[in-house]
Amino acid sequence: PTDPEALVLKQLAANGRLIANPRWSDLDLFLFELFPGRNFAATSFSPASGSFGGILTLTGLALPSGPVVGGDSLVFGTRWTVLRAPESNMGVWSEVGDDSGLPWGREDRRPSNERVELSKSWVAGQEVVIRHTVPVLPGTPPGVYRLKVAVYDLGTLAELEAHDTNGNPVGRQLELAKVAVAPTFKLADLADYGVRPADADADGI
């Protein structure tokens, strides 16, 4: 696959309107109309730091400029340098949680490099970019939440030890940033459309 994490499709969906999706045999086609003034640019990473298990060190973080709405997904990127070749394939989970530790959105993924190779095939010195898509629960209270990430062994599910900028152990999770969650949009009441409860009952709704 040339777009294994559907990055292009996600960018098109965020910047345009799907107007056709024909299917020819095993081939899916997507035709989008881009919104006026929208264009595509390279992902811009801000410096970030931290490491996991002496295998991966974090070098960059790319976050959206605005808040995420409850019911939508937080799409962001992390950039890593491989310190030493992993002995087994790794998984990465990312989470949006409140100050009490309650998660309001989580994603697990098996990261791959630009050659679509899983982590067991990575080599020391290689740079890897991971795209994350964390679904935030509908109805998540608006506010500021903690964005965390962890790395684990896919075979044993054991999480690797995390270290901060100064190399100090900080447990099994690394806090990346604080993210804002905006209120979930609600559908207007039926009455706003002139529909009374009796009308709804009569139609069998």
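Modeller: Of the 205 residues in the chain, 33% are buried. This is a predicted model, in which local features need pLDDT of at least 70 and side-chain atom pairs count only at pLDDT 80 or more, while totals for chains, interfaces and linings use all residues. Residues are numbered from 1 along each chain as its sequence is written, and side-chain values use heavy atoms, with hydrogens and water left out.

Biologist: Why is isoleucine 130 called buried?

Modeller: Buried means under 20% relative accessible area, exposed over 50%, and partly exposed in between (1.4 Å probe, protein chains only). Isoleucine 130 has 1% relative accessibility, so it counts as buried. Isoleucine 130 lies in strand S12; strands are DSSP runs of E with at least two residues, helices are runs of H or I with at least four, and both are numbered from the N terminus.

Biologist: What does isoleucine 130 touch, leaving aside its neighbours within four places in sequence?

Modeller: Contact means heavy atoms within 4.5 Å. On that basis isoleucine 130 meets Phe76, Gly77, Thr78, Trp80, Val92, Arg109 and Pro111. Arginine 109 is 21 residues away along the chain, and the two C-alpha atoms are separated by 9.3 Å.

Biologist: Why is leucine 157 called exposed, and why is valine 116 called partly exposed?

Modeller: Leucine 157 is at 59% relative accessibility and therefore counts as exposed. Valine 116 has a relative accessible area of 34%, so it is partly exposed. Leucine 157 sits in the loop between S13 and strand S14 (162-163), and valine 116 in the loop between S11 and S12. Phi is near 65° for leucine 157, a positive value in a residue other than glycine; for valine 116, also a residue other than glycine, phi is positive and near 60°.

Biologist: What makes a set of residues a nonpolar core?

Modeller: The set consists of buried Ala, Val, Leu, Ile, Met, Phe, Trp, Tyr and Cys residues joined through side-chain atoms within 4.5 Å. The largest such core here has 30 residues, and Phe52, Leu56 and Leu74 have the most contacts inside it. Strands supplying at least two residues each include S7 (56-62), S9 (73-82) and S15 (174-182). The largest share, five residues, comes from S15. Among the residues that phenylalanine 52 touches, not counting those up to four places away in sequence, are Trp80, Val149, Leu160 and Leu174.

Biologist: How do you know that S13 and S15 pair?

Modeller: Two strands pair if DSSP finds at least two bridges between them. S13 and S15 have seven bridges, in the antiparallel sense. Glycine 143 stands opposite valine 181 in S15. The two strands belong to an open sheet of five, in the order S8-S15-S13-S10-S11, with mixed pairing. Strand S8 (68-69) and strand S11 (103-109) are called edge strands, as each pairs on one side only.

Biologist: What makes up the nonpolar surface patch of about 240 Å²?

Modeller: Leu9, Leu18 and Phe30 make it. Patch residues have over 30% relative accessible area and no salt bridge; like charges are joined within 9 Å, nonpolar side chains (Val, Leu, Ile, Met, Phe, Trp, Tyr) within 5 Å. A salt bridge is a side-chain nitrogen of Lys or Arg within 4 Å of a carboxyl oxygen of Asp or Glu. Areas come from the Shrake-Rupley method with a 1.4 Å probe, and for residues only the protein chains shown count as cover. Leucine 9, in helix H1 (residues 7-15), has a relative accessible area of 31% and is therefore partly exposed.
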